[in-house]
Structure formats: C-alpha cells, structure tokens
Amino acid sequence: MNSKNADDILRMQDLYKRFGGVAAVNGCTLGVRKGSITGLIGPNGSGKTTLFNLISGHLRPDAGRIFLKGRIIVGRAPSAIVRKGLARTFQVIRVFGQMTALENLLVCGEGEGTREKALALLDRVGLLPYRDEYAASFSYGMQKLLEFVRILMVDPEVILLDEPAAGVNPTMRRTLWAMVRELQAEGKTFFIIEHDIPVIVDLCEQVYVLDHGEVIAQGAPAEIQRDEQVIEAYFGR
Ligand SMILES: Nc1ncnc2c1ncn2[C@@H]1O[C@H](COP(=O)(O)OP(=O)(O)OP(=O)(O)O)[C@@H](O)[C@H]1O
Ligand SMILES: [Mg+2]
C-alpha cells in the first residue's frame, strides 16, 4: 500500500474533519512519496482544500494523524509546520497588495542572501522587471506566480499548491508548470490540487481522487481515468 510506504515524506492516516452536518474529510488515508508530484482531484466541495488546511495546520482534524518526514504534525501551528519544511499556496490568493513584488518575497526570508534569492526567484517566473511594482497592480496570473515563488523563499521540501493555475493565462501556466518540473528535478515534493486533467496526466506519477471527503480512487493518472467510480463522480450526477 502506498499509504504505508516508508518513502512517503507526507502521510495522512484516517483523517476526519466535519463542519456541522458536513463530513468534509471522511476517513482519508493517503501518502505522498518523497520527490514526487502527486495530484489531488475531485468534484467541487469534495474536501480537497479542507485536506490541505488540515495538513498545513490551518485546521485541526477531528481525528486522525498526519506525518511529515515521519513526525506527527497534528496540533502544530502553521508557522511551525512551515519551519518543518512544508509550505502551501491558497486557492484564494494571499499576496500583500500594498507591497511591491520584491517586498512580498523579502518579508518571507531572513538572513544573508535573502535579497539575491528573492530576485533570482522573481527572475525564474519572469517577474523581475516588475519587482518594484505593487502586487495589487498585478494581473491575477502574476499574483498567482508571485504567491508561488514567495513560498519558495523558505526553501520548503514539500509544496502544496491549491489550484495554482486556475484563472491564469496559458503563457503563465506554462511558466508555472515548467517551474514545478524544475523544482521536482531539484528534489522538491509536490502535492497539487488541479482540475485540469491533462495537466495532471502530464505531471503526476500518482493521483488521489476525493469524493464526499473520501478517497475513491488512487493510482497512476492513466488508471484513474479509466476508473468507473471516478467517471461517475465527475460526470454521473
Ligand atoms: N470553514 C468551513 N465551514 C463550513 N463548511 C466548510 C468550511 N470549509 C469547507 N466547508 C465545506 O466542506 C466541504 C468541502 O469543502 P472544500 O473547500 O474542502 O472542497 P474542495 O474540494 O476544495 O472544493 P472546490 O473544488 O470547490 O475548491 C464543502 O461542503 C464545503 O462547503
Ligand atoms: Mg478547494
């Protein structure tokens, strides 16, 4: 079972999170292999973002365990989880509009070389020419890229992306996905929520499918696409 794999840098076991009458995450067990790009898909409201919120410490599970590099992280503050090597972006962008692009990165770094690192990251996604412009003046796609490179300032080993390409134009999407591949080649691990199935097929070695808070399928993208339950969850109702 992949979920019990010793190579999993991130592991979730029997996770539950309920909002009133809604079982948003309903007994999820998943593993993300070190160095992989792992996908998380599922219909709207299936619990994907809630699962990310549980992992990043923004929500506390009602039950279950989460291991990062073999250590339990449930109950840790988001900032502590970042220090342990896991960073994430949000479905709803969180950049500081009243700061410049460069300042958005500088506030996330510390120590010597911070400025050089920030400039290099902006350069990698084509934002260097706009470094002194306010983030609020950026297009939606530029803000998404900015949020992405900002979390790289802390050198995370595991990176969670919640629909990073949604609403982003094709050129910037290509930049984003190329950067994800480069970072994977550098050893980073990704866990990505994405609705664009061709992108998932292209990028991911392993995909989990959520429906009503439960993992209804897992495996290589090609297997998932043929799974009856998955087809039913997406198109059946
Ligand atoms: N803070 C909250 N309070 C109450 N209900 C919530 C809260 N967050 C999520 N939910 C509910 O939990 C369920 C799962 O929501 P979640 O946002 O995790 O789904 P999702 O798979 O990310 O959906 P989408 O694809 O639309 O982003 C939904 O029914 C949602 O309404
Ligand atoms: Mg979501």
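Student: What share of the contacts in the protein, at a separation of 6 or more, comes from residues 24 or more positions apart?

Tutor: Two residues are in contact if their C-beta atoms, placed from the backbone, lie within 7 Å. Here residues 24 or more positions apart account for 66% of the contacts with a separation of 6 or more. This is a predicted model: local features need pLDDT of at least 70, side-chain atom pairs count only at pLDDT 80 or more, and totals for chains, interfaces and linings use all residues. Residues are numbered from 1 along each chain as its sequence is written, and chains are lettered from A and ligands numbered from 1 in the order in which they are written.

Student: How many residues of the protein count as buried?

Tutor: A buried residue has 20 or more other C-beta atoms, placed from the backbone, within 10 Å of its own. Of the 237 residues, 40% are buried.

Student: How many helices and strands are there?

Tutor: Both are DSSP runs, numbered from the N terminus: helices are H or I with at least four residues, strands E with at least two. The protein has 9 helices and 10 strands.

Student: What span does helix α6 reach?

Tutor: The expected span is 1.5 Å times one less than the number of residues. Helix α6, residues 170-185, has 16 residues and reaches 23 Å from first C-alpha to last, close to the 22 Å expected. Gly-187 follows α6, with a positive phi near 110°.

Student: Which element gives the most to the shell around ligand 1?

Tutor: A residue is near a molecule if its C-beta atom, placed from the backbone, lies within 6 Å of it. Helix α1 gives the most, with 3 residues. Residues surrounding ligand 1 include Gly-45, Lys-48 and Gln-91.

Technical notes: A residue is buried if 20 or more other C-beta atoms lie within 10 Å of its own, exposed if 12 or fewer, and partly exposed in between; C-beta atoms are placed from the backbone.
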